[in-house]
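Opening my notebook on this one.

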Amino acid sequence: MGVNQDLSMLALLASASLTVKLVMGLLLVASFMSWWYIFLKLFAIKRATKLAQEFEQTFWNGADLQQLFHQFSPERSGELERIFEAGFREFMKLKKQSNMDAATMTESARRAMRAAYQREMDSLESHLSFLATVGSVSPYVGLFGTVWGIMNAFRGLANVAQATLAHVAPGIAEALIATAMGLFAAIPAVVAYNRYTYDIDRLANRYESFIEEFSNILQRQANQR
């Protein structure tokens, strides 16, 4: 067994066994995808929060509901506006029916808003499961690469008459890179997952509060018919 004196990162990666290289490649791909979804969700949640604030400000400043409804644009509108549009569209459709009572109209509008709410939440929560998976599994994948690399390092010592630290150190060092890469992939994914889950929960509470308050407004309008 020859002694590898070059302990640079590239040299260690190049001399790693095929299994360890595959583990590192898998972790590298997982890390890139994780960062892609981290930025994707960052922009999506920021946009949802900003548009919700703008719509709430307009709505609670006494804007005309008909005008808000006609200003709706699927491309420019946020999640909260789409929930409003779904409920108000259903309410206006039932309002044209003369035999419809107020409770049925309000309940139908609420159900339409709940369905829109669920669609928006599914969209906001998409890819969070990937971040959770990378955060929980990557350290174990990295550990597997490390264990495999260390096993190879010790197997190589069988061919050496006198084993020294110089013989085993390169093998252990290259194996530990797999653990480092596993942690590198997992830590940002876990932090992002926890942060985004908290932000989405706050948005969900905001949407649910709006649905209840808007249902009360529709109830009053239905009773005044």
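**T58**

I looked up what T58 touches once its neighbours within four places in sequence are set aside, and found A63 and L68; contact here means heavy atoms within 4.5 Å. T58 and L68 sit 10 residues apart in sequence, and their C-alpha atoms are 8.8 Å apart in space. I place T58 in helix α2. Helices are DSSP runs of H or I with at least four residues, strands are runs of E with at least two, and both are numbered from the N terminus. T58 has a relative accessible area of 36%, so I log T58 as partly exposed. The scale I use is buried under 20% relative accessible area, exposed over 50% and partly exposed in between, with a 1.4 Å probe and protein chains only.

**Ground rules**

This is a predicted model, where local features need pLDDT of at least 70 and side-chain atom pairs count only at pLDDT 80 or more, while totals for chains, interfaces and linings use all residues. Residues are numbered from 1 along each chain as its sequence is written, and side-chain values use heavy atoms, with hydrogens and water left out.

**Aromatic rings**

How many aromatic pairs are there? I get 16 aromatic pairs, with rings of Phe, Tyr and Trp (its six-membered ring) pairing if their centres lie within 6.5 Å. Planes under 30 degrees apart count as stacked, over 60 as edge-to-face and the rest as tilted.

I checked F55 with F84: the ring centres are 5.4 Å apart and the planes stand at 50 degrees, so I call this pair tilted. F55 belongs to helix α2 (residues 18-60) and F84 to helix α4, and the pair links distant parts of the chain, 29 residues apart. Both F55 and F84 are buried.

F55 also pairs with F210, this time edge-to-face, at 5.8 Å centre to centre and 70 degrees between the planes. That pair again links distant parts of the chain, from F55 in α2 to F210 in helix α7 (residues 165-223), 155 residues apart. I noted the relative accessibility too: F55 comes out at 5%, so F55 counts as buried, and F210 is buried with a relative accessible area of 1%.

**α2 against α4**

The axes of α2 and α4 are 7 Å apart, and the two helices pack at about 50 degrees. That makes α2 oblique to α4. For the record, axes are lines fitted to C-alpha atoms, for helices over the stretch in contact, and angles run from 0 to 180 degrees between N-to-C directions. Under 35 degrees is roughly parallel, over 145 roughly antiparallel, 65 to 115 roughly perpendicular and the rest oblique.

On the α2 side I listed A48, A52, F55, E56 and F59, which meet E79, L80, E81 and F84 of α4. By class this contact has 6 nonpolar, no polar and 3 charged residues. Ala, Val, Leu, Ile, Met, Phe, Trp, Tyr, Cys and Pro go down as nonpolar, Asp, Glu, Lys and Arg as charged, and the others, Gly among them, as polar.

**α4 against α5**

Next I took α4 (residues 79-95) and α5 (residues 102-125), whose axes come within 8 Å and cross at roughly 155 degrees. The two helices are therefore roughly antiparallel to each other. I counted 11 nonpolar, 3 polar and 5 charged residues in the contact of α4 with α5. Among the residues that meet are I83, A86 and F91 in α4 and M105, A109 and Y117 in α5.

S31 lies in α2 and counts as buried because its relative accessibility is 5%. Neighbours within four places aside, S31 is in contact with F184 and A185.

G145 is in helix α6 (residues 128-156). At 0% relative accessibility, G145 goes down as buried. Leaving out neighbours within four places in sequence, G145 contacts V20, V23, A175 and A178. G145 and M24 are 121 residues apart in sequence but 7.6 Å apart in space, C-alpha to C-alpha.

Last entry: H127, in the loop between α5 and α6. Its phi is near 75 degrees, a positive value in a residue other than glycine. H127 counts as partly exposed, at 32% relative accessibility.
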